[in-house]
Amino acid sequence: QVQLVESGGGLVQAGASLRLSCATSGSLLRNYHMAWFRQAPGQDRKFVAFITPDGERTYSVEGRFTISKEKVNNTVYLRMDGLKSEDTAVYYCAAGIRVGITERNYGFWGRGTQVTVSS
């Protein structure tokens, strides 16, 4: 059973930093592209960042956000700096066999973690 479990969200003030975590299995981490998406209230879910299985290639739509992973603890991270109120959303971790920036590239999803940024 594939599991992706996000954590690390919370309520922070604008300008703060957060690091989100996505715990998964070693097999998934080694073989799948991993990504973060977010869904703000009343909006569609949108791509945030991805990292390839070998960790060699990453991409983020926000220069303030950095995706990384640690094989030792089978975790993918999203480091978010300089948070803004518009970053308020539920953040989802996803895994897929094809790299990309659309939801259809990812077949496995976590339940999400809420990030709220107060201005």
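I shall start with the basis of the values and then turn to the structure itself.

This is a predicted model, in which local features need pLDDT of at least 70 and side-chain atom pairs count only at pLDDT 80 or more, while totals for chains, interfaces and linings use all residues. Residues are numbered from 1 along each chain as its sequence is written, and side-chain values use heavy atoms, with hydrogens and water left out.

Taking a disulfide as a pair of cysteine sulfur atoms within 2.5 Å, the count is 1. Cys22 and Cys93 form this disulfide, with their sulfur atoms 2.1 Å apart. The pair links distant parts of the chain, 71 residues apart: Cys22 lies in strand S3 (residues 18-23) and Cys93 in strand S9 (residues 89-96). Strands here are DSSP runs of E, at least two residues, and helices are runs of H or I, at least four, numbered from the N terminus. The torsion about the S-S bond of Cys22 and Cys93 is about -80 degrees, so the disulfide is left-handed. Cys22 is buried, at 0% relative accessibility; Cys93 is buried as well, also at 0%. Buried means under 20% relative accessible area, exposed over 50%, and partly exposed in between, with a 1.4 Å probe and protein chains only.

Finally, the loop residue. Asn74 sits between strand S7 (65-70) and strand S8 (75-80). Asn74 has a positive phi of about 50 degrees, although it is not a glycine. Its relative accessibility is 23%, so Asn74 counts as partly exposed.
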